[in-house]
Amino acid sequence: MASAGDPSQLLPAREQMAFTLGFHIILVPFGVALTALMLIAHYRGLRHGDGDALRLARRWSKVAAVLFAVGAITGTVLSFELGILWPGLMGDYGAAFGMPFAVEGLFFFLEAIFVSIYLYGWNRLPPWAHFWTGVPVVLASLGGAAAVIAANSWMNQPGGITLHDGHVTAVRPLRVFFNGAFWYETVHMLLAAYIVAGFTVAGVYAAGMLKGRRDRHHRLGFLIGFLVAAAAIPVQIFVGDTVAREVFKDEPAKFAAIELLPATGDHVPENLGGFLVDGKVRYGLPIPDMASILAGFTPSTEIKGLEEIPPAVRPTDRTVTIVHLAFDVMVGTTFLMLGLVLWFAWLWWRERTVPTNRWFLRGAALSGLVAVVCLESGWVVTEVGRQPWTVVGLLLTRQAVTTQGNLWPLFGATVALYAAVGVGAVLVLRAMARRWRTTGDETVYVPYGPEQPYATSGTAGEDR
Amino acid sequence: MNLSDVVALVLFVGVVAYALFGGADFGAGFWDLTAGGAERGRNPRHLVDLSIGPVWEANHTWLIYCLVMLWSGFPAAFAAITTTLYLPLILAALGIVLRGAGFAFRKVSVRTPQQRLNGSLFAASSVLTPYCFGSIAGGIASGRVPTGGNGDAVTSWLNPTSVLGGILAVVSCAYLAAFYLASAAHRLHDEDLERYFRHRALLAGAVAGIVSVAGIFVLRADAPRLFHQLSHRGLPLMVLAALCGVVGMAGAHLGRHTGRREIAALAIAAVVVGWGVAQYPFLLGTHLRIHEAAAPDSTLAVLLGVACVAALVILPSLILLFRLSGQGRLRARI
């Protein structure tokens, strides 16, 4: 992807940013949406005196705490990377691009505080007061995610700044924050977060049911996660379709890459799969007129092709292919998940209970992974689809990157470190699940949460 | 005082808060590192766990606050710093990752070898990170970050003032934490541990005193303007820091409990504020003034608004958390 004249730091910096953001984005749904699932279970537990629901809420709060702690690390790394890898972006546009992060910082601070209070609250605060300490966690996570997406969507549709000799001389904060892409990117991502968290939770309990654990605890855990994701999927398909039309209108270069479209024209087919080789589409399965119909509701809708982009800033064939395939994977996995939801509806209609069909449960157990693949590919569409720009029309990625040092060792070390953190997180979550099954809820301690009692620490130290 | 000065002040409040709250956490990690073998170090380590747990994240959010204030409010200075001091920044980030992972996994890990690994990562990085931040401060203060950035990647942080800053940061963290932990032990009526950390507070105080005196000569030779300002405009603060240091150590020696945490914190705060006062009106060394590096006024106004909201919303929540976790109000009913 690097071409002659690019700084040698460009490729490793992009790889590193992609890798660390791609890692962090998996954790986001758990901060944003697992906490909401937790409150749904909590509410049910209190409202109906449902002990199973309360236990689920309590366990999910502990899982959320571990993942929140990991997300706090990877998020902090990202803020260092913004400066170390992309000084051109921060130095030139920090006054606009950096500002939403100040708002995000507020929300993050609030979330961290109330996560602590909520975790401490189990068995300590009055039940409903405790429930309400969880509400700021959910609201702050929505606000925090929206603020980060404000910064990201500003890179896609920068507005609200006045430039003079390449310097930002005036900023209109509301126009920066609520830029042209803000609303649809935000709604799209938040729905994605609920889908990922919902299916992941459902998948964990589906896997448990496959192993024969079909008690109410498992059925309820499955249902809460699955129903939230199931409700979000149709909305997401509608929103995604709308987003694609907004991209068609506002970001024609990205749309041309999504549609794998070299030349401007009407009656554009929708290519399923396929590559761009030497500027020509190869191996795709075209559905006649479909892209034009989706973009403008008639086959005669004209879509701008890649040829409209000045050659100097035209994305390479490889970049276009990546964007197009990522888009196909995103849409394909979404309809897979919709299929699973419809299957569930049919089984439920016949049996009036959580399905025990093993093939359905196998599908449900994998649905969390499918949702993560969908999330990642959607993110690739946005980010790679913007290349070669970092800020569309204003700042090229090769102008934003640092020109200092050899970044490959840093990237290698980062991959190794993140692999260790990822493995650590999985091991820790599995250990927690094991302890829940063998020794009960009171023996699992998590970050942010209370410590084991001081007096017993001397004896319990070895096996805690 | 114009808007950029106000935002710089608000940013610096974050620096002081990070030094005090984050610093105490790093210092606790330092005492974890030096607590000895698994058997001997168990009680002090457990006290460290107890006192860090609930407020860890909140304390370290100050770092994020400082970063976003700096990159939005003074973007040119931020880029200059990151393109020059990227090595200590990467090391500090490494320390934050290891420390964070130690924090995330330590309580959940079940087997002793796992706990030991997590614990040692946590402890070692508790020293690495403050050292790097101290050396970054030294590089900025001694004028080694050029306005246009891309300064010398090595000498910008491996120089006398940076080494002084790094060592002073580590020692200050240890000093603060020893006082905090002694108070925590006192609240738990654990006299042995209280004495244990009181002795360490005295030790850290003595080392901090020696480093500070040595620092006078280092700064005079290596950062003359900073030295001049510290010994003139910043003198009252330096005197205050020294006084607090002496009073705090006398209190630790005599076993006084009331107000000792506050006096220790005041000593450290006076040193950090002293640096800020000495550096004013420059953001970088003696060549980039605050207003020259500032973002447009509307951005600064937003940042100021964020800081005000933080004061109105975050501070009460934070106080609630500290009270709930600190004063045992949340002690288990079962």
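Reader: How many residue pairs are in polar contact between chain A and chain B?

Author: A polar contact is a pair of N or O atoms within 3.5 Å. Within protein, one atom must be able to donate a hydrogen and the other to accept it, and residues adjacent in sequence count only if both atoms are side-chain atoms. Here, chain A and chain B share 7 residue pairs in polar contact, both residues at pLDDT 80 or more. pLDDT is the predictor's confidence in each residue, from 0 to 100.

Reader: What should I know about the model and its numbering?

Author: This is a predicted model: local features need pLDDT of at least 70, side-chain atom pairs count only at pLDDT 80 or more, and totals for chains, interfaces and linings use all residues. Residues are numbered from 1 along each chain as its sequence is written, chains are lettered from A and ligands numbered from 1 in the order in which they are written, and side-chain values use heavy atoms, with hydrogens and water left out.

Reader: How many salt bridges does the rule find across the interface of chain A and chain B?

Author: A salt bridge is a side-chain nitrogen of Lys or Arg within 4 Å of a carboxyl oxygen of Asp or Glu. Across this interface the rule finds 0. Over all chains, the structure holds 14. One joins the side chains of A:Lys249 and A:Glu246, at 3.4 Å from N to O. Both residues lie in helix α8 (216–250) of chain A, 3 residues apart, about one turn of the helix.

Reader: What area is buried between chain A and chain B?

Author: The size of an interface is often given as the accessible area lost when the parts come together. Buried area is that loss, found with a 1.4 Å probe and summed over both parts. Between chain A and chain B it is about 6400 Å², and carbon and sulfur atoms give 72% of this area.

Reader: Which elements give two or more residues to the side of chain A that touches chain B?

Author: Helices (H or I, at least four residues) and strands (E, at least two) are DSSP runs, numbered from the N terminus. On this side of chain A, the elements are α2 (51–85), α3 (87–97), α4 (99–121), β2 (167–171), α14 (408–438) and α15 (457–460). The largest share, 14 residues, comes from α4(A). By class, this side has 45 nonpolar, 19 polar and 9 charged residues. Ala, Val, Leu, Ile, Met, Phe, Trp, Tyr, Cys and Pro count as nonpolar; Asp, Glu, Lys and Arg as charged; the others, Gly among them, as polar.

Reader: How does strand β1 of chain A run against β2(A)?

Author: Two strands pair if DSSP finds at least two bridges between them. β1 (161–164) of chain A and β2(A) are joined by 4 bridges and run antiparallel. A:Ile161 has A:Val171 as its bridge partner; A:His164 has A:His167. The two strands form a hairpin with 2 residues between them, and A:Asp165 in the turn has a positive phi of about 55°.

Reader: Which residues does a cis peptide bond join in chain B?

Author: Look at omega. The bond between B:Tyr280 and B:Pro281 is cis, with omega about 0°. B:Pro281 sits in the loop between α11 (260–279) and β1 (282–284) of chain B. In chain A, A:Gln387 and A:Pro388 are joined by a cis bond with omega about 10°.

Reader: Where does pLDDT stay under 50 in chain A?

Author: Where pLDDT is low, the predicted coordinates should not be read in detail. In chain A the stretch is residues 454–464. Yet the mean for chain A is 90, and 95% of its residues reach 70 or more. For chain B the mean is 85, and 93% of its residues reach 70 or more.

How values were computed:
Buried area is the accessible area (1.4 Å probe) that two parts lose on being put together, summed over both. Contact means heavy atoms within 4.5 Å.
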